[in-house]
Amino acid sequence: MSLFDSRVFLRVPLDQPHEGVPEHFTNIQAGLRFARHVLHRQPARNKQIICITDGEPTAHLEGRDLVLIYPPSERTARATLEEVHRCTSEGIRLSTFALIEDYFYLGLMNFVDQMARLSRGLAVYCTAGQLGHYVLDSFVHGHRSRRHVG
């Protein structure tokens, strides 16, 4: 299996991963889960996760297995959105910044919109060069709506 395969479905046991696992997958679910666990231990009342992505989720966890699926699948999207719901249920605000370069990637935009709706959070579409400005603006001003840039 390589990065250049047009279709990938791979289940990797986390306890005994094998060599040659492709690295170029986006696991938003695992990132959100990790952040949620870290924030759960914090006494702060206002908790926020800032998610920066340049692609739809193409990996997720199922028990002790890492599941890699390309092209992006409904199965991975569902697992990721379930984690968004867990974060929201624990009172964690989610701000997602989608890096859109030279083209509008509608799949990514649609997924980020779903995340924002479910979490009642922020969705921002920007280029890598604009990212710092918009992250700071979001933090300082607390914007809660979808924003297009460009």
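## The loop around R120

R120 lies in the loop between α3 and β6 (122-126), where helices (H or I, at least four residues) and strands (E, at least two) are DSSP runs numbered from the N terminus. The residue has a positive phi of about 55° although it is not a glycine, and at 58% relative accessibility R120 counts as exposed; here buried means under 20% relative accessible area, exposed over 50%, and partly exposed in between, with a 1.4 Å probe and protein chains only. Most residues other than glycine have a negative phi, and most peptide bonds are trans.

This is a predicted model, in which local features need pLDDT of at least 70 and side-chain atom pairs count only at pLDDT 80 or more, whereas totals for chains, interfaces and linings use all residues. Residues are numbered from 1 along each chain as its sequence is written, and side-chain values use heavy atoms, with hydrogens and water left out.

Helix α3, which covers residues 106-119, has 14 residues and reaches 20 Å from its first C-alpha to its last, close to the 20 Å expected at 1.5 Å a residue; the expected span is 1.5 Å times one less than the number of residues. Its buried residues are L108, M109, F111, V112, D113, M115, A116 and S119.

Helix α2 has 16 residues and reaches 22 Å between its first and last C-alpha atoms, close to the 22 Å expected at 1.5 Å a residue. The buried residues in α2 are T76, A77, A79, T80, L81, E83, V84, C87 and T88, and what covers them includes α1, β2, β3, β4, β5 and α3. Just after α2, G91 takes a positive phi of about 80°.

## The antiparallel sheet and the cis peptide bond

An open sheet of three strands has the order β1-β4-β3, with antiparallel pairing, two strands being taken as paired if DSSP finds at least two bridges between them. The edge strands are β1 (8-13) and β3 (59-62), each of which pairs on one side only, and the twist averages 20° from one strand to the next. Six bridges join β1 to the antiparallel strand β4 (residues 65-70), and V8 stands opposite Y70 in β4. Helix α2 (residues 74-89) packs on the sheet, touching β1, β3 and β4, and its direction makes about 70° with that of β3; contact means heavy atoms within 4.5 Å, while axes are lines fitted to C-alpha atoms, for helices over the stretch in contact, with angles from 0 to 180 degrees between N-to-C directions.

The peptide bond from Y70 to P71 is cis, with omega near 5°, and P71 has its place in the loop between β4 and α2.

I52 is partly exposed, with a relative accessible area of 43%, and, not counting residues up to four places away in sequence, I52 touches F97, L99 and L131.

The largest nonpolar core has 14 residues, and those with the most contacts inside it are I28, L32, I49, L94, F111 and M115; such a core is a set of buried Ala, Val, Leu, Ile, Met, Phe, Trp, Tyr and Cys residues joined through side-chain atoms within 4.5 Å. The elements that give two or more residues to this core are α1 (28-40), β2, α2, β5 and α3. Leaving aside neighbours within four places in sequence, I28 is in contact with C51, T53, G55, P57, T80, F111 and M115.

## Salt bridges

With a salt bridge taken as a side-chain nitrogen of Lys or Arg within 4 Å of a carboxyl oxygen of Asp or Glu, the count comes to eight salt bridges. One of them joins the side chains of E62 and R11 at 2.6 Å, N to O; E62 lies in strand β3 and R11 in strand β1, so the pair ties together parts that are 51 residues apart in sequence. D15 forms a salt bridge with R64, the closest N and O atoms being 2.7 Å apart, and because D15 lies in the loop between β1 and α1 and R64 in the loop between β3 and β4, this pair ties together parts that are 49 residues apart in sequence.

The side chains of E83 and R33 also meet in a salt bridge, at 3.9 Å, N to O, which links distant parts of the chain, with E83 in helix α2 and R33 in helix α1, 50 residues apart. E83 counts as buried at 0% relative accessibility, whereas R33 is partly exposed, with a relative accessible area of 26%. Salt bridges that share partners join R33, R36, E83, R86 and E90 into one network.
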